[in-house]
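Here is a short report on one protein model. Look at the sequence and the structure first, then read on with the aromatic rings in mind.

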Amino acid sequence: MPAHAADIAAPGERTRWPNYHESDFVFRNYVFRSGETLPELKLRYRTLGTARRNAAGKIVNGVLLLQGNTGTGANWLRPSLADELFAPGQPLDATQYFMIMPDAIGRGGSSKPSDGLKGKFPHYRYHDMVESGYRLITEGLDVAHLRLVIGSSMGGMHAWMWAEMYPDLMDGVVPISCQPVEISGRNWLGRRAQAEAIRHDPDWNNGFYETNPRHYIYAAAGNFGTESPTRIQEMAPTLAAANALYERRLAEAAKGDANIQLGAEPDLDKITAKVLLINDAEDHANPPELGTVERAMKRVKHGRYVLIPAGPNTHGHFSHYYAELWKPYLIEFMKTLGPPLAAAAD
């Protein structure tokens, strides 16, 4: 049975958001899709805003916010997102909605290999991340219905899976910086190269290392393929500036955990919620010229695809961190959702 761990005090700068709360939810004897188990699986989560409940006491105005591959739920608290989304009068006004920001398995304060098991940590995949998140919000937080699921990068891929696995749970889904297709082409080649750099590092030791593999971090520090080339040139307009940027990235890579970095086309026809897919024209992880998105979106019953053109404020794949770029599309989309699901309010 799942259980709450002790509440964790919210950092002072975050308390301006109403009802901010940070805690852990613990599942006992959790079974992964691989068949492996953990005696305890912990998910860290953050919530804020105003919960509205139906007659049964279940929350019906939830907004689930899913983070990218290297981030945590705290990503959504950065000013470029929170101030644009949660403030009064904004599309996810915290007086009107209940925001839920979990750390997925392997990230942040949730259970991960570096907690101690290292190479013996169960092999987890997207399905485990989504299924455990569903149990968190339904069993732990008493959510009956979500107004929206919004996810960026890896969280965007998860958002597609939420819509497929739990089609009656939400009114709308907003995946950002992702594609509703199997990872392939340049996207997979880059990911495969990173994974192989880890596995073949002489310090790897099958995941049982004490400090990050020393050789892997040099390749990781040079991976700028997801940022806008224009923004990179602005950050590094000279050789000296480029070297300094590389050194900063190298220091960041050394602080990470290589085990975490190792962590088929979706069933799009199963989706019944309305979908808004938002990508950036300079996102080299999801290049628009491939046409894969247009083909996949034909299978989505109620889907819209928006491609943000490159501009002075875009950041390629990382445009998802800047809500000012995509908030107008979100506002438009929310107007199409109509009233919240009637059955959820009963």
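## Aromatic rings in the model

A search of the whole structure turns up 10 aromatic pairs. The model is a predicted one. Two of the pairs are set out below.

| Pair | Distance between ring centres | Angle between planes | Kind |
|---|---|---|---|
| Tyrosine 30 and phenylalanine 32 | 5.2 Å | 80° | edge-to-face |
| Phenylalanine 318 and tyrosine 321 | 5.9 Å | 5° | stacked |

Why does the pair of phenylalanine 318 and tyrosine 321 count as stacked? The planes of these two rings are at 5°. Planes under 30 degrees apart count as stacked, so this pair gets that label.

Are tyrosine 30 and phenylalanine 32 buried or exposed? Both are buried. They also belong to an aromatic cluster, formed by Phe25, Phe27, Tyr30, Phe32, Phe121 and Tyr124.

Phenylalanine 318 has 27% relative accessibility, so it counts as partly exposed. The cut-off for buried is under 20%.

Tyrosine 321 has another neighbour. Arginine 78 lies over the face of this ring, 3.9 Å from the ring centre.

## The whole protein

The protein has 346 residues, and 51% of them count as buried. Its secondary structure comes to 10 helices and 9 strands. The protein exposes about 15,800 Å². Carbon and sulfur atoms supply 54% of that area.

Note on methods
Residues numbered from 1 in each chain as written. Predicted model: local features only at pLDDT ≥ 70, side-chain atom pairs only at ≥ 80, totals over all residues. Heavy atoms only, no water. Helix = DSSP H or I, 4+ residues; strand = E, 2+ residues; numbered from the N terminus. Buried < 20%, exposed > 50% of the residue type's maximum accessible area, 1.4 Å probe, protein only. Areas by Shrake-Rupley, 256 points an atom, 1.4 Å probe, with all protein chains shown as cover. Phe/Tyr/Trp six-rings, centres within 6.5 Å; stacked < 30°, edge-to-face > 60°. Lys NZ or Arg CZ within 6 Å of the ring centre and 35° of its normal.
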